[in-house]
Structures are given as C-alpha cells and as structure tokens.
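Have the structure open and follow along.

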Amino acid sequence: MANTPKILALSLAVSLALGACSRDAAPAADTTATAPAAAAAPRLDDAKLPPVNRFRLADLDGAVSACQDLNAHANGKWLAANAIPGDRTTWGSFEMLVERSLAAQRQLAEQAADDTSATGVAKIVGDFWATGMDEAAIEAQGLAPIQGRLDAIDALADGAGVADYLRTSAARGESFLVSFGPNADFKDSKVNIAYAAQGGLGLPDKTYYFEATHKDKLAAYERHVARVLELSGTAADAAREQARAVVAFETRLADKSRSQVELSRDASLFYNPVTPADADALTPNFPWTAFFAAQGIDAPATFSLAMPEFHREVDAMLTSVPVDTWKAYLRFHTVDSASPFLSSDFANANYEFYGKTMRGQQEIEPRWKRALNTLNGSAGEALGQIYVDAAFPAASKARMEELVANLGAALKARLENLEWMGEDTRAKAMAKWETFTPKIGYPANWRDWSGLATSRDSYIDNVLAAREFNHRWQLGKIGKPVDPDEWFMPPQTVNAYYNPQANEIVFPAAILQPPFFDPNADDALNYGGIGAVIGHEMIHGYDDQGSRFGPTGNFENWWTEADASGFRALTDRLVAQFDAYQAAPGQHVNGTLTLGENIADLGGLAVAYDALQRAREGEQDPNVDGLSQDQRFFLNWATVWRRNFTPEELKVRLATDPHAPANFRAIGAPSNLPAFAAAFSCEAGSPMVRAGDERIVIW
C-alpha cells in the first residue's frame, strides 16, 4: 500500500531502498534547518564499517582470458569464494556498499535514539529506531494497531461500501487497487498533475497469474494468503476457501493489467488525461469526483487515468464480485502489508513467502536491518540529513562535478559525430544535452518534516503516521509547480537515476565509494566505475523511452521519421543480442524488457571511455600493476557488476527487472566496443569481440 513512485525515473540498478509510506498527526518540531537538531554532531566510527569491494589484481582469474569472458576473468574467483549471505538473495559490489551504508545508518540511528531530548529529524530517526528495535512491545501489541481497520472491513455490506472504504483508506496512504500520486504533466513538465494507475496484485507481474513457468509460485501465494487470513483470526477452512477467492479476484485484475515489459517500454501508457466527469462516466461505481473529495483536495480540471481498461474492470467488480470476496481481499492485504511491522508470527509469514519462496532468501534479515529499511521507506530523507553530515566529504562532491563535466563533453562530441543521425534531429539532441542537470550527493534544500508526529510508543503507529503524512505531502504537489530541487532517492541509497521529465541525472552520496568512486584511485578505475555510471544516466536521456522526452522534459516527438526508423533498427539488434543470453537452462534474458538499460550501458561505457582518453590526453600510460590504463578501465567496469543470485531471485529478475543480470551487463557493452578488444589484444572471432553487423553502436 504505497503511493505512486516517480513514474519514469530510470535507475542504474534495482533500487535497494524501500518505497515511501505516510500519516498526519499533531505538529512536530520544525525541521527546515539545513542540519539536524541534536545534542551532538553525528559521527561515524569507520573501523566498525564493513569493507567495500575494490578492484584487486588478486581477483583476476588467469585461467579465463578477458577476450573469452570478461566477467569470468574479472569476477569468477570472487564469485566462487563469496556465497550469498543467508539474509540476502543477491551478493556483490552493490550489496557490499549497501551493507556499509546500513552499518553507517545504524550508528547514526543509535545515536539519535540515545538522545531522548532530540527534536526535528533526529527525533523522527530516534523514534523509528527505538520502536523498531523494541521487540517485546511489538510482540505484545499483536494485531491491535490495525484492528480498527479490520473491523471496518468486516462491517462492509455492499459494493458501495467497498468503494467508500477504498476511498477512505487511500486518504490514509493505503491504496489497495489504485496507484495514485503526483507526477509532472507529460505535456507541461513544469507542473504536477495527478496520475491514477493500476495496482492491486500481490505477485510481481501479471504473468505470474497465467504462465506455466510461474505455476508453483501462484500456488504458494494462495497458501500464503490462507496463512495470513488464518493468522488474522479466520478459521482454517474458511481461510483456505477465501484464499482461493482472493487469487481468482487478483487473476481477474491481472487480466486487465499491463505487464512489466509493456510498462517499461511504453511510457505513453501512463498518460491518459481525462476530466473527472469523463472518469466518472468510465467508472460510475467508483466516481473519481468522490475519490478526490475523500482525499481532501479539489477535483482537478484533468488528471491522468492511466490504463483505463484496468479501472473499468475494477468498476465492474464492485457490482459483480460478492462482498465477502472483497472483504477477504481487503482483509488479507491490510494484514499482509502491515506484517513486517507486527509480531513475529506475521513478520515470519511475510518473509517465508516474499523472501524465501519467491526469492530464495534463506534467513530473515536481522531486526536492525528491517528497522532501517522501514525508516528509509518512511522518512529516508530525514535520516539522509544526518547521514550526509557524517559520511559525505565535500571533496567527493567537487571531484564528481569534474567527472560529470568531462563526461558531458565526451557525450557532446559523440552526438556531434553520429553518422546515422540527420542534422535536424541532431540539433534537438544537442538542445537536450545543453539542459542536462546533475545532482550530486544530497538535495540543495532538505524536505520539511514538520507535521510528522512520532513517538516511542508504537513501531507500527510510527509507520502508519509516516504513511499518511507522506500521502498528504504528495497530494499537496498536485496542481503545483514541480520542485526542481526534489530528490527521489535519499542520500544513503546505493543507486543513481535519470528523470526524463526534469532532464536530470542524480547520484546519491552512498554510491560515491569504491568500486564506483575512489578519490585516491587512478583515473582508469574512476572512469570505469562512476564515470560509466554518469554516462549511463546521461544516455538514459536518449534511450528508447528517455528519447521520447524533449529538452524541456515534455513528452514530444523530436525525431525525423528517417532517424527514428534508423534508431529502431539499431535497438532491435540490441534486443536480439540480449535475447540470446541464457541466464540459466531454459531461461533467457528478455531483450525487450531490458532494452533501456542496455542502451544506457552501451552508450555510457563508450562515453566514459572517451572521457578518460580526453582527461589523460598527452599523458603517458600509468600502467599500474602491469595493467594498462584501458585494461583497468574495463576491469573496474566488470568489478562493478560482480553479483551472485539465488535461482529464485534470478527467475523473478528475468520476469520483472528492466536490468539484465549483472554478468551480462559486465560483458554486453564491452563486447561491442573495439577499444575493449584493443585493450586486451583480442583476436577476431573471440567470444568478447563483435565485428561487422554483430557490433552495435547507438549513441
């Protein structure tokens, strides 16, 4: 039950922070100051932080040449020696940085919790940490914190009552069937409008309800639904019967939903501007004028009712589905979404299905990690203020600004010299390049958290308070100018993203560490790491979806027909290239689903290589540890993508993740670059050398 995420923020990797949650309450102390209010400055003991995953000469596997398989050469020994920890489903460079970030956050949260007189963001952080770690209190509360919601569901008598409950629960930030929130208008990117999109499914994608390859997971989901209903007080036989009805209910929703492939590859699906009156006519049993009124806001002149066929089906189900099935569905999802914050029976049931069964996670995360994940999802930027003060040196920001400028210059040169692009389209591409906005480390202006009241009384009450508070904050953006200073990831996130509607590239502080960025490393490592990340995010502005937005961020066609046709021909070849990769027996990468990220990897690595050559032009090759500058560049690129997956996690990723599995990201882009073959003296015909029509150059 979460608000709509930023619709088109394109990230480097699957985001490892949780989505935002919310709830209004009595005003808290003002938090608009640029530094958190606390008795003492936040501090970190670096000796207690886990190590980062740097490129090391000792990790190279001499038994496999880079020309045969760059990933195996750079990462094979490391991957064989580093099993996935029990509380994770993947393990590699990203995850090690996440562990380091979490360890830093833990120190800071403990300090905030120790200061019982703290105000502002320090109080919010301290309250979340203290209650999240109070296992005895959580166990004692049981279902009591959400019993009122369950009683209201039990009292529902008909479809009209269900519709009213859907509206009132959405006003608390608990939206069951509709993903609702603000986003920049596709046609006027300076103004936020409301977007209502599909939701309501408990499984990762509509394909899980229909395809034979997911049949076992669908059956396990039905058992999970029954277990949660039984834990909530439903008799065992009734719980099993209701679970069958809930799965059938969701299967009907799935039939009218769009798949992850469709959503990832067609941004226009999110944009269907309608008037509230037209929306009411489409869904008379769920009038949108009443929905806006329930949120406490005026109905706008227009809003985007995305995926209208889904909303039409929900409307029909309000009269055709028995109210008892609606009650079972709402009861299950109410308890299921609250389970991570409830007593151990509920938390363990949640882990056993979503973690162990779905993704192969062998152990539930320790409580301290779960508490931090909740804090990041509920008030991540509040914690981010404290994190930046303690963990992000000013020198890193300055060095990043230099790297971004160098990458920008290299991208400009590529755009100016593209052979396949005509001059009219090139002029628009250059105009977009000129308006790129980089954001590095942390926001220029911190979010105001005044109005969020937290306490040391109840963990889930703090979660519900933040959920509603954040929902109200999101609603306040509708009809207002887009805030150019807003971030969609807190600084402690190990990730980066591109937002096409603002034409901005964003690099949170936590990713600016090895193997991505090291102020003490040579240029080759930094350009092969964070340089390629910078290039990746810039190229998202020109991938198959980012390129549908113009220099001002508006959704527009700035291509000539000939250039658009040439671009599609190139991207079709890249789709085929990744379709050919087999991640496991019988399980291929989906080149269509992953196209945008593959375009960004290919162009980003090429731009980063160009930038390195420009930065060191006229200088002698440093040749560190017997490796040339170019070799170290490509080897650190591969180091970034070292990652092990559980078989279950890999299967989910192949079905839903717009990023290809890490081992294919390590080899895909380099195999298309002649500079890679030259760096390692690869012979023609080597597995890592593509030539002729097999080699793809897009940007």
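Where is the place of P515? Look in the loop between β9 (504-508) and α19 (523-539). Helices here are DSSP runs of H or I with at least four residues, strands are runs of E with at least two, and both are numbered from the N terminus. The peptide bond from P514 to P515 is cis, with omega near 5°.

Before going further, a word on where the numbers come from: this is a predicted model, local features need pLDDT of at least 70, side-chain atom pairs count only at pLDDT 80 or more, and totals for chains, interfaces and linings use all residues. Residues are numbered from 1 along each chain as its sequence is written, and side-chain values use heavy atoms, with hydrogens and water left out.

Back to the backbone. Most residues other than glycine have a negative phi, and most peptide bonds are trans. N503 has a positive phi of about 50° although it is not a glycine. You'll find N503 in the loop between β8 (497-499) and β9, and N503 is buried with a relative accessible area of 1%. (Buried means under 20% relative accessible area, exposed over 50%, and partly exposed in between, with a 1.4 Å probe and protein chains only.) S681 is another non-glycine residue with a positive phi, near 50°. S681 sits in the segment after α25 and counts as exposed, at 61% relative accessibility.

Now for the covalent link. The structure holds one disulfide, and it joins C67 to C682 with an S to S distance of 2.0 Å. The pair ties together distant parts of the chain, 615 residues apart: C67 is in the loop between β1 (10-11) and α1 (70-81), while C682 is in the segment after α25 (674-679). The link of C67 and C682 is left-handed, with -85° about the S-S bond. Both C67 and C682 are buried.

In the model, residues 67-443 are 63% helix and 8% strand, and the end C-alpha atoms lie 42 Å apart. For residues 495-694 the figures are 48% helix and 8% strand, with the end C-alpha atoms 31 Å apart.

Next, two helix pairs. The axes of α7 (residues 215-231) and α14 (residues 344-359) come within 10 Å and cross at roughly 175°. That makes α7 roughly antiparallel to α14. Axes are lines fitted to C-alpha atoms, for helices over the stretch in contact, and angles run from 0 to 180 degrees between N-to-C directions; under 35 degrees counts as roughly parallel, over 145 as roughly antiparallel, 65 to 115 as roughly perpendicular and the rest as oblique. Contact means heavy atoms within 4.5 Å. On the α7 side the residues include Y221, H224 and R227, and those they meet in α14 include F346, N350 and F353. The residues of this contact of α7 with α14 divide into eight nonpolar, three polar and four charged. (Ala, Val, Leu, Ile, Met, Phe, Trp, Tyr, Cys and Pro count as nonpolar, Asp, Glu, Lys and Arg as charged, and the others, Gly among them, as polar.)

The axes of α16 (residues 394-417) and α17 (residues 423-434) also come within 10 Å, crossing at roughly 175°, and that makes α16 roughly antiparallel to α17. Residues making the contact include L411 and L415 of α16 and M430 and W433 of α17. The contact of α16 with α17 divides into five nonpolar, two polar and three charged residues.

One last stop: R265, in helix α9 (residues 260-265). R265 is buried, with a relative accessible area of 16%. Leaving aside neighbours within four places in sequence, R265 is in contact with residues including D544, Q545 and R548.

Note on methods: A disulfide is a pair of cysteine sulfur atoms within 2.5 Å.
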